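Subject: Structure for your review

Dear colleague,

Please find below the structure that I am handing over to you, together with its sequence.

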Amino acid sequence: MNLRLSSRLFVIGLAVMGVADSAAAEEVVPGDSWYDRTVQRLETTWEKGQPELYLPLETYHMRFAYTQQKIDSFDENPLGLGIGKGVYGANGDWQGLYAMGFHDSHYKPEYIAGYGYKTFWRMSEELKFGLGYTAFLTTRTDIGHYTPFPGVLPLISLEYGKFSIEATYIPGGNGDGNILFLWGKMRF
């Protein structure tokens with residue numbers, strides 16, 4: 001994804017954050033700008049959020065987009081760790097702040113920090129399915145030699161109690177992107 005496109009997606013993500021329903025919605029004063037609402041949500045998440053631990057599990061490169069030789073050269077088992085703070089609103093939606101570091105597909109460190117938002121559908125008392133988005137800054141050696149760049153990606157999760165399996169999809173073309181990134185999360 002080029003820098004211009006990812007910058008536009010990041011700005012769109014911030015705008016979406018400003019108007020999405022969340023735990024902080026009941027504290028928003030009518031007439032506040034989207035910027036004020038966004039800052040308020042971030043502050044609420046930071047102040048009221050519970051600690052979370054993230055463990056990267058898999059970086060799956062879609063086989064239709066790469067040659068087998070290229071896939072064989074990739075690291076699809078990202079070593080890493082992340083921390084965050086997340087809060088559930090009265091309506092059951094989650095929002096969180098996080099930072100994570102892990103090996104990218106080329107065995108090099110990648111760092112990411114951002115905001116995530118998910119809404120949930122209960123499948124049973126403890127099991128729920130979530131959909132949302134994340135707006136973030138990330139750094140990679142192969143894109144601007146660790147110059148931070150923004151992005152917005154979808155989030156999906158399956159949560160049971162304090163544990164969840166989460167994923168995002170990085171779109172791309174033939175020979176880049178088209179990656180399913182999975183991680184585990186534990187709430188404290």
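Tyr98 has Gly114 in β4 as its bridge partner. The model is a predicted one, and this pair belongs to the contact between β3 and β4, two strands that pair in the antiparallel sense over 10 bridges. The two strands form a hairpin with 5 residues between them. Within that turn, Tyr107 has a positive phi of about 65 degrees.

How enclosed is β3 by the rest of the structure? Of its 10 residues, 8 are buried, so the strand is largely enclosed. Gln95 is a residue of β3. With a relative accessible area of 1%, Gln95 is buried, because the cut-off for that class is under 20%.

The wider arrangement is as follows. The protein has 3 helices and 8 strands, which follow one another along the sequence in the pattern α-α-β-α-β-β-β-β-β-β-β. The 8 strands close into a barrel, in the order β1-β2-β3-β4-β5-β6-β7-β8, with antiparallel pairing. From one strand to the next, the twist averages 30 degrees. In general, strands of a sheet pair through backbone hydrogen bonds, in either the parallel or the antiparallel sense.

- Strand β1 (residues 50-61) runs antiparallel to strand β2 (residues 80-88), and 5 bridges join them. Glu52 has Gly84 in β2 as its bridge partner.
- Strands β4 and β5 (residues 127-139) run antiparallel and are joined by 12 bridges. They form a hairpin with 4 residues between them, and Ala113 stands opposite Leu137 in β5.
- Strand β5 also pairs with strand β6 (residues 149-160), in the antiparallel sense and over 12 bridges. In this pair, Leu131 has Ile156 in β6 as its bridge partner.

Thr138 deserves a separate paragraph. This residue is in strand β5. Is Thr138 buried or exposed? Its relative accessibility is 3%, and Thr138 therefore counts as buried. The side chain of Thr138 makes a polar contact of 2.9 Å with the side chain of Glu110. A polar atom of the Thr138 side chain also lies 2.7 Å from the backbone oxygen of Tyr111. Leaving aside residues up to four places away in sequence, Thr138 touches Glu110, Tyr111, Ile112, Thr147, Pro148 and Phe149.

I turn now to helix α2, which comprises residues 34-48. Its 15 residues, at 1.5 Å a residue, should span 21 Å, and the end C-alpha atoms are 21 Å apart, which agrees with that expectation. Which residues of α2 are buried? They are Arg37, Thr38, Gln40, Arg41, Thr44 and Thr45. These residues cover an arc of only 165 degrees around the axis, which means that they are on the same side of α2. The face turned away from this buried side carries Tyr35, Trp46 and Glu47, which are exposed.

Helix α2 packs on the sheet, where it touches β1, β2, β3 (94-103) and β4 (109-122). The direction of α2 makes about 75 degrees with that of β3.

Two totals complete the account. Of the 188 residues in the protein, 44% are buried. Among contacts between residues at least 6 apart in sequence, 53% join residues at least 24 apart.

With kind regards

Methods. Residues are numbered from 1 along each chain as its sequence is written. This is a predicted model: local features need pLDDT of at least 70, side-chain atom pairs count only at pLDDT 80 or more; totals for chains, interfaces and linings use all residues. Side-chain values use heavy atoms; hydrogens and water are left out. The expected span of a helix is 1.5 Å times one less than its number of residues. Buried means under 20% relative accessible area, exposed over 50%, partly exposed in between (1.4 Å probe, protein chains only). The arc is that of the directions from the helix axis to the C-beta atoms. Two strands pair if DSSP finds at least two bridges between them. Axes are lines fitted to C-alpha atoms, for helices over the stretch in contact, and angles run from 0 to 180 degrees between N-to-C directions. Contact means heavy atoms within 4.5 Å. A polar contact is a pair of N or O atoms within 3.5 Å; within protein, one must be able to donate a hydrogen and the other to accept it, and residues adjacent in sequence count only if both atoms are side-chain atoms.
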